[in-house]
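Please keep the sequence and the 3D view open while reading.

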Amino acid sequence: MRRVRTGGRHVPRWVGTWLGLRGQGPRTDEAGHRHATWLELFLDLIFVYALAAVVARLGGDPTPSPSAVLAVIGLFVVIQWAWVGQVFYDTRFDPDDALHRLLVLFALVGAGAMTLGVDEVPESVLLPIGYLIVRGVLLLLYLRARPTSPMARIVTTIYLIGFGSGWLIWLVSLPAPTELRPTLWIIAMVIELATPWVGARWLNRWPVDNRHLPERIGQFTIIVLGSALASLLFAVPDHPGPHMILTAGLAFVIPAAVWWVYTTFVTTRLLQSRLRGGQAYSYLHIPLGGALLLLGWALGQVVRLVDHDAPRLPLELRLLLAASVIVWTVCGLALYWLWTRPSLARLVIAAYGVVSVSVITATVHEPRLMLSLLAAAIVGYAVLLSRRLARAGQASRAPEG
């Protein structure tokens with residue numbers, strides 16, 4: 001995988017020297033593999049705060065309405081997509097010079113505006129202004145990279161046309177009536193989300209870095225999982241008693257099992273040679289990340305209800321718990337499918353995960369019992385799948401040995 005270095009000549013040398021950035025570039029290991037820069041990790045952290053703010057819209061009501069959940073899902077897609085755009089730029093271009101850092105730091109101002117604005121949409125224009133800043137910086141970065149090679153011109157043209165069209169619609173939404181803004185945002189997002197697929201024929205000719213992209217998306221997913229865990233921990237009362245400690249421990253087992261499965265999958269590097277343009281891999285992580293955040297919020301609500309001695313879990317909360325775990329399971333199966341057609345054993349494991357979670361959440365209403373059974377089912381799923389993934393990883397590396 002060859003990346004194009006955009007070069008620092010676009011910023012005056014004295015500026016780079018004054019800022020202490022002249023001559024710096026992305027880190028590589030002894031084998032020459034590109035690793036995430038400190039700026040990329042900082043970007044991840046800011047966007048995770050924005051995603052956490054989106055989930056916080058659900059508040060403390062354990063019975064959220066369908067419209068509230070749909071609004072959270074829509075906002076999650078917007079913010080996750082803003083982050084994904086920067087990642088795909090970074091994976092194709094060596095970006096860590098002075099001008100790039102200044103532009104990305106400016107984009108983080110937009111991410112901060114999005115974080116502050118999610119709670120007031122569609123009335124407030126803070127969210128669209130923040131999005132315009134983030135995506136506007138990305139368009140400038142693609143313009144900067146455009147002259148570096150003939151292949152770069154093709155790739156950047158696709159993104160500039162598609163993302164630029166979406167950017168203009170977001171701009172038009174600023175003076176639009178409040179009730180019309182969500183419609184315009186949906187149209188803009190459809191155009192932007194379709195762009196990599198429409199241009200896949202050309203984008204696949206310049207594949208993404210098959211180590212850097214999974215590393216970046218994997219790091220972000222783990223940070224999102226940490227944010228979900230924080231939602232759970234914040235629900236635990238001060239000076240909890242033994243029963244509450246046990247309840248929180250059972251709830252913690254679920255995201256821990258999710259972490260175990262996901263890191264096992266990533267470290268096997270099953271998809272390393274099959275990423276191509278990376279569209280399917282990155283798109284599957286959008287619902288996966290949203291499911292993890294909603295899972296953390298739902299587990300936090302279960303812990304609060306246990307603390308309040310609630311005899312039953314509301315239907316809405318049980319449905320949200322089931323949906324978040326099932327979406328995570330299905331996304332995991334789809335990611336596996338990108339590597340190879342799943343065997344009967346892999347399909348049986350996925351079916352076990354979906355059916356067990358569905359049955360438990362549908363039939364068990366008592367909070368502690370439901371949490372205990374759910375934790376046991378997900379741990380069982382994690383053990384079965386991790387062993388399967390480990391064997392698949394060993395088999396895929398066997399020809400190299």
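Which residues form one aromatic cluster? The members are Trp81, Tyr89, Phe93, Tyr142, Tyr159, Phe163, Trp197, Trp206 and Tyr283. The coordinates come from a predicted model, and the confidence should be kept in mind. Mean pLDDT over the chain is 85, and 88% of the residues reach at least 70. Residues 1-32 stay under 50 in pLDDT. For that stretch the model has 66 contacts beyond four places in sequence.

Back to the rings. The whole structure contains 15 aromatic pairs. One of them joins two members of the cluster, Phe93 and Trp206. Their ring centres are 5.4 Å apart and their planes stand at 75 degrees; planes over 60 degrees apart count as edge-to-face, so this pair is of that kind. Phe93 and Trp206 are both buried.

Another pair consists of Trp328 and Tyr381. Here the ring centres lie 5.6 Å apart and the planes are at 75 degrees, so the pair is again edge-to-face. Trp328 is in helix α12 (residues 315-339) and Tyr381 is in helix α14 (residues 367-397), so the pair ties together parts that are 53 residues apart in sequence. Why does Trp328 count as buried? Buried means under 20% relative accessible area, and Trp328 counts as buried because its relative accessibility is 7%. Tyr381 counts as buried on the same criterion, because its relative accessibility is 3%.

The charged end of Arg135 sits over the ring of Phe163, at 4.5 Å from the ring centre. Phe163 is one of the members of the aromatic cluster. Likewise, the charged end of Arg346 sits over the ring of Tyr336, with 5.2 Å to the ring centre.

Next come the pairs of opposite charge. Side chains of opposite charge can pair when their charged atoms come close. How many salt bridges does the structure hold? There are three. Arg216 and Glu40 meet through their side chains in one of them, at 3.4 Å from N to O.

Asp44 is in helix α2 and Arg216 in helix α9, so the pair ties together parts that are 172 residues apart in sequence. Asp44 counts as buried because its relative accessibility is 0%. For Arg216, too, the relative accessible area is 0%, so this residue is buried.

The other salt bridge brings back Arg135, whose partner is Glu192. The closest N and O atoms of this pair are 2.8 Å apart. Arg135 lies in helix α5 (residues 126-145) and Glu192 in helix α7 (residues 181-198), so the pair ties together parts that are 57 residues apart in sequence. Arg135 and Glu192 are both buried. Through shared partners, salt bridges join Glu40, Asp44 and Arg216 into one network.

What remains is the nonpolar packing. The largest nonpolar core has 120 residues, and Phe47 and Trp328 touch the most other members. Helix α11 (residues 279-307) supplies the largest share of this core, 16 residues. Leaving aside residues up to four places away in sequence, Phe47 touches Ile79, Ala82, Trp83, Ala111, Val134 and Phe220.

Val134 is also touched by Ala107, a residue of helix α4 (residues 98-117). With the same exclusion of residues up to four places away in sequence, Ala107 touches Ile133, Val134 and Val137. Ala107 and Leu138 are 31 residues apart in sequence, and their C-alpha atoms are 8.2 Å apart in space. Ala107 is buried, because its relative accessible area is 4%.

Technical notes: Residues numbered from 1 in each chain as written. Predicted model: local features only at pLDDT ≥ 70, side-chain atom pairs only at ≥ 80, totals over all residues. Heavy atoms only, no water. Core = buried A, V, L, I, M, F, W, Y, C linked by side-chain atoms within 4.5 Å. Buried < 20%, exposed > 50% of the residue type's maximum accessible area, 1.4 Å probe, protein only. Helix = DSSP H or I, 4+ residues; strand = E, 2+ residues; numbered from the N terminus. Contact = heavy atoms within 4.5 Å. Phe/Tyr/Trp six-rings, centres within 6.5 Å; stacked < 30°, edge-to-face > 60°. Lys NZ or Arg CZ within 6 Å of the ring centre and 35° of its normal. Salt bridge = Lys/Arg side-chain N within 4 Å of Asp/Glu carboxyl O. pLDDT = per-residue confidence, 0-100.
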